[in-house]
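Trainee: Could we go through some charged side-chain pairs together, one careful step at a time?

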Amino acid sequence: MTALPGETPGTDDAPAEDAPAAPAPGGGADGPSPDGPTAGPDAAEAQEAAAGGAAGADAVDVVAEPASASSEEPPEAVEESAKTEKPSEAANSSVASADGSAAEETSETSANGSESAEASADGSESTEASADASETAEGSADAAPAAELSEAQAELAAQRELRERIEKRKAEKAAPISAGGGLSGTAADLLAAVRAVESGEKAGTAFFARTAPAPAPAPASPRPATAQPPRPAVPEVPAQQAASPEALEAVRAVLAQGGAPEALARPAVDALGEQAAELLRTDPWHLLAVSGVRPEQADGFARALLGSECGPDDGRRTAALVGRLLEQAALRGHTALDAAAVRTALAGHAVRDPDAAVLNAVEEGVALLFGEGGDAEPDAEDGEPDEDGVREADPTADADAAPVRMFLGLDRYALAEESLADGLARLVNTCEKTADWTEAAAGAPSPSAAELIRTAASAGLVVHSGGEAARAEPAALIAAARGLGLRAVGAAHSEDGRRRLAAATGDPATAVTLAGLLSGAQGPGRDEDGALALDLLVVLDAPQLDVEGAAVLVEALADGARLVLSGDPGVLGSAGAGRVFADVLAARACPQVVSRTPDPGPIGELVSGIGIGELNQVDAPGKEVVIVPVRDAGEAVHRTVQLVADSVPRAFSIPAEETQVITVGHGGAAGTRALNEALKQRLNPGPGRFGGFDPGDRVVHVPAPGRAVPGVVRSADGEGLHLDCGGVPVVVPQERVESSVRHGWALSAHQAAGMRWPAAVVVLPGDAAQGLSRPWVYTAFGRGERHLSVVHGVDRALPHAVAEVPAQERTTRLRPLLEALLTPDAASSSG
């Protein structure tokens with residue numbers, strides 16, 4: 001009868017890059033000389049310094065009052081759990097940002113409550129989402145073999161094709177203008193709008209009115225599910241050419257001249273191309289494109305090359321800093337930043353005129369400038385619009401009207417959000433809204449499933465929300481649609497999600513992974529127009545969709561197709577930039593169906609309470625939930641190994657390979673690295689002769705940023721490391737093993753999102769307390785199907801996080817774009 005009392009703790013999930021900082025000369029623009037200290041090869045390791053001592057938790061009875069001193073566990077799991085010794089409180093350690101600038105940390109809003117950039121990297125996973133998305137960015141699609149390689153390659157190819165298509169569409173609007181750096185189309189129009197607002201000719205609100213959507217084309221009639229064209233070959237992405245010896249030698253010479261380590265030559269050529277030497281010579285701050293190089297290091301390099309020519313307000317420096325700020329913000333989930341926050345961060349980097357720096361970055365094409373709901377790229381001579389004082393020209397207008405806020409963003413995310421908004425509006429407007437699926441709904445297994453079927457019949461876009469048990473409702477919708485002769489499949493974020501969906505529908509052909517669907521390796525393939533040959537697509541685990549992936553997916557759907565986004569709004573958001581699911585919900589852009597099916601059992605009851613901010617005691621007669629109090633990180637590691645190797649297998653007959661450990665960060669005394677090392681020593685000891693791995697090791701493979709695929713090492717040879725990833729053989733080339741494969745007995749909550757295991761052990765060391773949030777706890781505690789053990793060392797931080805620390809907002813533009821594009825009655829049938 002073990003459950004969480006109101007005092008139990010938890011942790012939040014935030015990104016932390018998993019690599020040491022790249023060596024480069026130290027010194028800021030006005031700081032030390034170029035021959036200052038250098039950093040290590042990757043930027044993230046510096047962010048994962050171990051925090052101080054762990055804050056212990058009093059042993060608590062999971063069913064009695066907090067003062068009680070016993071905590072039930074599986075037999076012999078924690079013999080000393082009844083002790084009531086109160087350890088000293090841990091000192092909260094702070095970790096500096098990768099660029100050493102406190103101003104940048106404060107200027108970039110955290111992606112969510114669990115992704116706080118100011119939290120300790122090893123204790124709160126303060127940069128975990130970016131770690132999961134960026135620590136293996138170098139080991140992306142080309143790291144995977146055979147099927148895994150083609151999936152990742154196809155994703156990248158599809159994204160490139162999408163961006164080219166969007167850019168071409170925008171270029172068609174081009175028209176010569178007299179000023180503004182050659183702007184065209186919407187950017188030119190909005191530039192004129194900003195100038196009109198500045199000059200007082202017009203009111204700021206005049207340029208942000210919503211535009212009526214284009215009339216909906218005739219709906220496409222459903223096509224038989226059996227009439228599927230032959231599947232085309234998976235598009236190939238040309239392999240990245242090896243850097244030429246001449247280019248490497250030229251870059252080494254420039255690096256040596258600037259006092260930078262020659263080890264940066266190859267990463268510099270990979271990032272900047274064959275012309276890297278010339279680029280670095282003319283603009284030394286291009287060195288910031290190399291992973292792990294900090295601004296002060298690039299400053300020292302620039303000073304060595306340029307001498308007195310460079311200074312803190314050099315346009316090349318400020319443009320590079322703006323780009324870096326936006327890239328770092330994207331790692332935290334933002335697709336844009338408030339221009340005021342960017343100016344504040346620039347001031348923290350010794351930029352004396354942040355306003356001019358922002359304008360210069362916009363003119364140079366490094367960033368795009370947006371006013372709430374539009375974009376603008378002002379000319380430098382006109383000055384930046386004052387976000388705190390946009391003037392109303394109309395004398396009859398209210399003098400106290402709200403100012404127009406300005407945002408900066410990278411073009412890749414701006415294009416993705418605009419394309420996604422356009423695509424979703426297209427689906428809403430082209431769907432046949434007169435379909436009658438009443439008979440199919442009558443046979444649904446639950447009232448919520450019937451409601452979802454009826455809603456999908458008359459809408460091109462539907463949002464469905466619910467917990468784990470609610471996954472049966474999309475499965476019923478897919479079965480009903482196929483029964484009507486429609487081509488319908490469900491796409492999950494992970495292979496585990498695909499298997500669970502296939503089990504729910506009873507037909508493996510109805511379930512695919514998103515990567516497999518887009519690559520053509522799974523699903524019905526493409527029609528003669530290149531669109532996915534589908535009439536209905538249900539996306540499960542929709543909160544894991546980032547904006548670029550969602551744009552690619554929606555672009556691939558034909559006019560008249562129906563799209564259902566299904567997921568649990570309480571879980572952690574995507575590892576990539578954007579918050580697609582939350583933005584579509586907030587915009588009320590389509591009908592919404594909220595499941596009334598509760599998650600069963602003590603774990604379901606516990607997690608449901610967390611979702612509404614309550615950490616309740618639950619009856620767990622079968623020890624479905626167990627609390628294991630610990631005093632420090634060392635004891636947390638010891639207890640975790642004991643639970644996985646002995647207690648859980650003995651008490652529940654769940655083998656160690658079916659128990660997943662989840663912790664807050666990659667670094668620290670109880671992070672994924674430390675736990676994986678201890679678990680390997682106990683469960684599969686070996687010398688690690690294959691790049692640190694042995695046959696039988698549990699691993700997580702990241703073939704592309706944001707995709708974590710659990711697997712097991714089978715062997716290694718000249719080809720690379722051979723893995724079994726959910727029954728799919730994968731070969732990771734030798735040169736990609738270090739950057740794309742990690743041990744996987746212990747994962748971060750972001751890596752575990754979208755997957756479930758028979759048992760989960762959630763580790764909450766004391767130094768993780770400040771990174772806890774409701775989404776992290778909700779996600780981590782919901783990963784166990786039959787059993788959940790909580791290794792508890794954060795005292796009262798867990799109930800505080802659940803009750804008081806919701807997910808922090810990500811700054812995105814999708815919601816206002818949807819509100820402007822979709823018809824007023826788009827969500828009229830919202831449930």
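Trainee: Are Asp697 and Lys680 buried or exposed?

Mentor: In this predicted model, Asp697 forms a salt bridge with Lys680, and their closest N and O atoms are 2.9 Å apart. The pair links distant parts of the chain, with Lys680 in helix H23 (672-683) and Asp697 in the loop between that helix and strand S13 (698-701). As for their accessibility, Asp697 and Lys680 are both buried.

Trainee: Which residues are joined into one network with Asp697 and Lys680 by salt bridges that share partners?

Mentor: Asp697 and Lys680 form a salt bridge themselves. Through salt bridges that share partners, the network that holds these two residues also takes in Arg689 and Asp694.

Trainee: How many residues apart in sequence are the parts that Asp541 and Arg471 tie together?

Mentor: Asp541 and Arg471 form a salt bridge, with 2.8 Å between the closest N and O atoms. Asp541 lies in the loop between strand S8 (536-539) and helix H19 (547-555), whereas Arg471 lies in the loop between strand S5 (461-465) and helix H16 (472-483), so the parts that the pair ties together are apart in sequence by 70 residues.

Trainee: Why does Asp314 count as buried, and what does Arg316 count as?

Mentor: The side chains of Arg316 and Asp314 meet in a salt bridge of 2.9 Å, N to O. Because buried means under 20% relative accessible area, Asp314 at 13% is buried. Arg316, however, has a relative accessibility of 26%, and therefore counts as partly exposed.

Notes. Residues numbered from 1 in each chain as written. Predicted model: local features only at pLDDT ≥ 70, side-chain atom pairs only at ≥ 80, totals over all residues. Heavy atoms only, no water. Salt bridge = Lys/Arg side-chain N within 4 Å of Asp/Glu carboxyl O. Buried < 20%, exposed > 50% of the residue type's maximum accessible area, 1.4 Å probe, protein only. Helix = DSSP H or I, 4+ residues; strand = E, 2+ residues; numbered from the N terminus.
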